[in-house]
Amino acid sequence: MDLTEKIAYNALAVTNGGDYAKLRKILEKYSTWSNALNATQELFPKTNSIDEWNKMKKEGIDLIMQSDQEYPAILKEIAQPPHGLYVKGNLADNHLTHVAIVGTRRCTANGRNIAYRFGQEVAKAVIVSGLALGIDTAAHEGALAAGQKTIAVLAGGLNNIYPAQNQKLADKIIASGGALISEYPYNSGIHLGRFLARNRIVSGLSSGVLIIEAPQKSGSLSTAKFAIEQNRNVYVLPGPSNHPNYKGSHDLIKSGASLVTEPSDILSDLGLTVNNLKSNLEKNINNLNNEEKKIYDIVKLAGEPVPIDKIIENCKLEPYVVSSTLTFLSMKNIIKENFGFYEIA
């Protein structure tokens with residue numbers, strides 16, 4: 001698409017708040033974005049299309065339209081593909097498989113560790129998520145730990161990172177060759193309805209969607225619903241039958257979603273080869289700091305699951321240091337925890 005059309009679209013997206021339905025009606029009426037902008041300039045006299053475009057570009061944001069070669073082909077298959085995608089960073093090649101990993105913001109420590117591990121080991125595919133706290137964050141971090149690209153889909157303008165505490169994570173995603181994307185223009189704010197609309201893009205970009213810890217009213221259930229409507233594979237990790245964080249997850253399984261317990265379940269289903277996990281693990285072990293190495297050696301030499309008080313006793317470190325170090329080792333998939341006992345993963 002030529003630059004004039006893109007500049008016109010951006011101006012219309014700004015003046016209409018990026019609203020998909022409004023923009024669709026405008027295009028249906030005027031056929032092209034340039035025609036629409038020329039016809040509606042009197043309605044929005046304060047909008048200077050060139051100024052708006054320059055503001056966006058100054059932030060390092062690109063605009064990819066449906067007719068552009070870079071627009072994700074899989075996203076065009078959904079019922080309401082965004083007219084344009086705002087991108088900061090680099091989208092993955094169209095031929096690469098994408099997998100979404102989503103779940104509750106209020107996840108358990110175990111759920112977070114699982115999301116990290118799946119993000120790391122399923123990173124043979126491009127991991128897609130929503131940059132939210134909890135499961136989303138862990139999935140992005142896992143993919144980054146594996147040295148792979150990951151894509152975060154935002155519910156507002158790309159210069160407004162939400163939540164703000166994930167600004168550093170957003171920067172890492174871009175620095176690692178991944179991307180932040182949104183259908184909303186520069187400076188767009190965030191409101192509840194946009195999270196729902198965002199979820200159709202998360203699933204729409206992906207061949208499969210993994211749900212980890214979805215309570216009965218979790219937003220990730222809307223992502224699963226979109227995935228089903230879009231004919232995507234839906235995978236669910238089960239949990240304790242009486243835990244509220246798994247109520248929605250188990251309902252999905254009862255409805256026919258695929259139950260998975262290991263990253264290889266997803267990779268095999270999508271026809272992807274399993275990463276060389278052994279070499280990744282060896283690399284992680286070689287890069288342990290002194291405290292991590294000390295605790296790793298204690299757990300390894302024990303030859304059986306070890307309680308945390310025994311680890312504290314043997315390593316002579318402060319309890320809070322041992323606790324935080326064990327958490328990091330679990331996130332790196334080096335040590336795993338089971339009911340308070342630790343062993344080599």
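Why does Glu183 count as buried? Glu183 has a relative accessibility of 4%, and therefore counts as buried. Here, buried means under 20% relative accessible area, exposed means over 50%, and partly exposed lies in between, with a 1.4 Å probe and protein chains only.

The structure is a predicted model, in which local features need pLDDT of at least 70 and side-chain atom pairs count only at pLDDT 80 or more, while totals for chains, interfaces and linings use all residues. Residues are numbered from 1 along each chain as its sequence is written, and side-chain values use heavy atoms, with hydrogens and water left out.

## Glu183 and its surroundings

Glu183 is placed in the loop between β6 (179-182) and α8 (192-204). Helices (H or I, at least four residues) and strands (E, at least two) are DSSP runs, numbered from the N terminus. The side chain of Glu183 is joined to that of Arg200 by a polar contact of 2.7 Å. A polar contact is a pair of N or O atoms within 3.5 Å; within protein, one atom must be able to donate a hydrogen and the other to accept it, and residues adjacent in sequence count only if both atoms are side-chain atoms. Leaving aside residues up to four places away in sequence, Glu183 touches Gly18, Tyr20, Pro82, Gly84, Tyr86, Ala197, Arg200 and Ile201. Contact means heavy atoms within 4.5 Å.

Ala164 and Ala132 lie 32 residues apart in sequence, and their C-alpha atoms are 10.0 Å apart in space.

## The sheet of nine strands

Nine strands form an open sheet with mixed pairing, in the order β1-β2-β6-β5-β4-β3-β7-β8-β9. The edges are held by β1 (62-65) and β9 (258-259), each with a single partner strand, so one side of each has no neighbour in the sheet. Two strands pair if DSSP finds at least two bridges between them. Strands of a sheet pair through backbone hydrogen bonds, either parallel or antiparallel.

The table lists pairings together with their direction.

| Strands | Bridges | Direction |
|---|---|---|
| β1 and β2 | four bridges | antiparallel |
| β2 and β6 | four bridges | antiparallel |
| β3 (98-103) and β7 | five bridges | parallel |
| β7 (208-212) and β8 (233-237) | five bridges | parallel |

Val87 has Ile181 in β6 as its bridge partner. Ala100 stands opposite Val209 in β7. In β8, Tyr235 is the bridge partner of Leu210, and Leu237 is that of Ile212.

Strand β7 is mostly covered, with five of its five residues buried. Gly208, Leu210 and Ile212 point one way from β7, whereas Val209 and Ile211 point the other way.

## Helices

Helix α7 (residues 167-175) lies across β2 (84-89), β5 (150-153) and β6, and runs at about 110° to β6. Axes are lines fitted to C-alpha atoms, for helices over the stretch in contact, and angles run from 0 to 180 degrees between N-to-C directions.

In helix α10 (residues 247-254), the buried residues are Gly248, Ser249, His250 and Leu252. These buried residues pack against β7, α9 (220-229) and β8. After α10 comes Gly256, with a positive phi near 115°.

The axes of helix α1 (residues 3-15) and helix α3 (residues 33-40) come within 8 Å and cross at roughly 50°. The two helices are therefore oblique to each other. Angles under 35 degrees count as roughly parallel, over 145 as roughly antiparallel, 65 to 115 as roughly perpendicular and the rest as oblique. The crossing of α1 and α3 is left-handed. The contact is made by Thr4, Glu5, Ala8, Tyr9, Ala11 and Leu12 of α1 and by Trp33, Ser34, Ala36, Leu37 and Thr40 of α3. A crossing is left-handed if the near helix is turned anticlockwise from the far one by less than a right angle, and right-handed if clockwise.

## The sheet of three strands

Another open sheet has three strands in the order β10-β12-β11, with antiparallel pairing. Its edge strands, β10 (306-307) and β11 (335-338), each pair on one side only. Four bridges join β11 to β12 (residues 341-344), and Glu337 has Tyr342 in β12 as its bridge partner.
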